[in-house]
Amino acid sequence: MYDPDKIMYTLDEYLAGLRYVESGSVDGDYEAVNASSGAFGAYQITPKYMDYIVSEAGENPANIADPAVQDRVAEYWARLHYSDFGNWDLVGVAWHAGASNARLVLAQEVPCLSGPAVTIEQIGAAIPGESSYVEKVRTGCQVWRERMLAPDYSGLEQIVLPVAGNFYLQPVVS
């Protein structure tokens, strides 16, 4: 069962959570453009920092329209922030509000064996409104996790047996 007090994600789950918030779907809209800020892609990288963020990740900024490049850039920065902060919620704060704000929250952390223990309340107290962003990313991570854990019945058809309504699945033959 999902326990928001024990946040442990895979990198893929976390990137899906970022896509969920930034471009509206765990699958990501790799062509999304924010009309007011000009932020681009599934992870909504702003033009002001585009060249720096993409170059630091070892990619060519001219190729940022490529979904694979966007994913590699986001993976690079998520790993970097996780190595800096050791906490997925703080990765979200760094992504959305900047690493300096994540450090502000980290200054309030409670040491524990599994890494920095930062509560959603501490995030909200340090940076008003930021806890809402982090909670949305958590939701996206959970949506992705549930999708990945759900069985895939595509390509199968359901055959209902006349006895007690039992059924079984068999491959669709075309």
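## Buried positions in a predicted model

Modeller: The side chains of Glu59 and Arg72 are joined by a polar contact of 2.6 Å, where a polar contact is a pair of N or O atoms within 3.5 Å, one of which, within protein, must be able to donate a hydrogen and the other to accept it, and residues adjacent in sequence count only if both atoms are side-chain atoms. This is a predicted model, in which local features need pLDDT of at least 70 and side-chain atom pairs count only at pLDDT 80 or more, while totals for chains, interfaces and linings use all residues. Residues are numbered from 1 along each chain as its sequence is written, and side-chain values use heavy atoms, with hydrogens and water left out.

Biologist: Is Glu59 buried or exposed?

Modeller: Glu59 is found in the loop between helix H2 (47-56) and helix H3 (67-85), helices being DSSP runs of H or I with at least four residues and strands runs of E with at least two, numbered from the N terminus. Buried means under 20% relative accessible area, exposed over 50%, and partly exposed in between, with a 1.4 Å probe and protein chains only. Because its relative accessible area is 17%, Glu59 counts as buried.

Biologist: How far apart in space are Val137 and Gly17, C-alpha to C-alpha?

Modeller: Val137 lies in helix H7 (residues 130-149), and its relative accessible area is 1%, so it is buried. Leaving aside neighbours within four places in sequence, Val137 is in contact with Tyr14, Gly17, Leu18 and Val21. Although Val137 and Gly17 are 120 residues apart in sequence, their C-alpha atoms are separated in space by 4.5 Å.

Biologist: What share of the residues of the protein count as buried?

Modeller: The secondary structure comes to seven helices and two strands, following the pattern α-α-α-α-α-α-α-β-β along the sequence. Of the 174 residues of the protein, the share that count as buried is 36%.

Definitions and conventions. Contact means heavy atoms within 4.5 Å.
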